[in-house]
Amino acid sequence: VEGVGVGVPGPVDDDGTVFKCVNLGWGVFNVQIELNRLTGLKVKVGNDANVAALGEMWQGGGKGYKNLVVVTLGTGVGGGVIINEKIVSGSGEIGHININEKEKEACGCGNHGCLEQYASATGIVRTTKNYLKEHPDAKTVLNAEKLTAKDIFDAAKNGDEIADKMVDKTAKILGRGLSQIACVVNPQVFVIGGGVSKAGAFLIDRVQYYKEYAFHAARETYFKLADLGNDAGMYGCVRMILD
């Protein structure tokens, strides 16, 4: 055994210190030192989204690129930044880029108008339910009582105008958010993963709204789908140890 790689759901410093993992009930402590003490093995620790990004760069949708951003669209919006094939520590919370200062509903983080309030699976369902509540006579196959992101994308693919409008709104907001990241990072490619990415090329085509907002030098950034699914983090952990 060469070592142990760990991806944790929280901010992680370069030395393996975790600054609270609220979902695990962890405070601030050094996971790397503690796990090394318990196992006697080499240990590397990273934020789970960052580690997944490293895996996608190494053996997934980002293979062949050195500078990329992996975006996961699921219950929330996560992401990892890779520069020169190395994780940028501290990144991973791209879902909390503020995208709408007029939003009245609070995000799970306590702020208002975060990217994940619109671009996550939860977000597009929330947006659609709000629309249907405001437009009770809207002609659509969507059922506000039983509604998933998959329902919305499937209906949009089948020509439902309301569903298509909701997908369009989501893609536009996501494109805008990613354009802000590109201004700072200028990745060669955005790799889109998570449950929402199962919409495939339909989603990738729509996110090209990005070009309307992007700085000219980053306007032609590629978009690809992630390949590794839930295994991305394991590939990334191996790559951390090999590095």
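**View A. Cys-114 counts as buried, with a relative accessibility of 1%.** Buried means under 20% relative accessible area, exposed means over 50%, and partly exposed lies in between, for a 1.4 Å probe and protein chains only. The model is predicted: local features need pLDDT of at least 70 and side-chain atom pairs count only at pLDDT 80 or more, while totals for chains, interfaces and linings use all residues. Residues are numbered from 1 along each chain as its sequence is written, and side-chain values use heavy atoms, with hydrogens and water left out. A disulfide is a pair of cysteine sulfur atoms within 2.5 Å, and the count by this rule is 0. Cys-107 takes part in no disulfide, since the nearest cysteine sulfur, that of Cys-109, is 3.8 Å away. For Cys-114, the closest cysteine sulfur is likewise in Cys-109, at 3.7 Å, which is too far for a bond. Cys-107 is also buried, with a relative accessible area of 8%.

**View B. The largest nonpolar core has 42 residues.** Such a core is a set of buried Ala, Val, Leu, Ile, Met, Phe, Trp, Tyr and Cys residues joined through side-chain atoms within 4.5 Å. Val-71, Ile-152, Leu-178, Phe-190 and Ile-192 have the most contacts inside this core. Among the elements that each supply at least two of its residues are strand 5 (68-73), strand 6 (77-83), helix 4 (121-134) and helix 6 (161-185). Helix 6 gives the most, with 9 residues. Helices (H or I, at least four residues) and strands (E, at least two) are DSSP runs, numbered from the N terminus. In soluble globular proteins, nonpolar side chains tend to be buried together.

**View C. Ile-192 touches residues that include Val-71, Leu-73, Leu-178, Phe-223 and Leu-225.** Contact means heavy atoms within 4.5 Å, and residues up to four places away in sequence are not counted for Ile-192. A second, separate core has 12 residues, including Met-57, Leu-68, Val-189 and Cys-237.

**View D. Thr-128 lies in helix 4.** Its relative accessible area is 0%, so Thr-128 is buried. Leaving aside residues up to four places away in sequence, Thr-128 touches Leu-142, Leu-147, Ile-152 and Met-166.

**View E. An open sheet is formed by 5 strands in the order 7-6-5-8-9, with mixed pairing.** Strand 7 (86-87) and strand 9 (222-225) are the edge strands, each pairing on one side only. Two strands pair if DSSP finds at least two bridges between them. Strands of a sheet pair through backbone hydrogen bonds, either parallel or antiparallel. The parallel sense is seen for strand 8 and strand 9, over 4 bridges, and Phe-190 stands opposite Phe-223 in strand 9. Strand 5 and strand 6 run antiparallel and are joined by 6 bridges, with Val-71 opposite Gly-79 in strand 6. A hairpin through 3 residues connects strand 5 to strand 6. Of the 7 residues of strand 6, 6 are buried, and this strand is mostly covered.

**View F. Strand 6 and strand 7 form a hairpin with 2 residues between the strands.** These strands pair in the antiparallel sense over 2 bridges, and Ile-82 has Ile-87 in strand 7 as its bridge partner. Within the hairpin, Asn-84 takes a positive phi near 50°. Glu-85, in the loop between strand 6 and strand 7, has a positive phi of about 70° although it is not a glycine. Most residues other than glycine have a negative phi, and most peptide bonds are trans. At 28% relative accessibility, Glu-85 is partly exposed.

**View G. Helix 2 (residues 48-59) has 12 residues and reaches 16 Å from its first C-alpha to its last.** This reach is close to the 16 Å expected at 1.5 Å a residue, where the expected span is 1.5 Å times one less than the number of residues. Helix 2 is largely enclosed by the rest of the structure, because 9 of its 12 residues are buried. Among them are Ala-49, Val-51, Leu-54 and Met-57. At the start of helix 2, a side-chain oxygen of Asn-47 comes within 2.9 Å of the backbone nitrogen of Ala-49. Asn-47 belongs to strand 4 (residues 43-47) and is buried, at 5% relative accessibility.

Note on methods
Polar contact = N/O pair within 3.5 Å; in protein donor to acceptor, adjacent residues only side chain to side chain.
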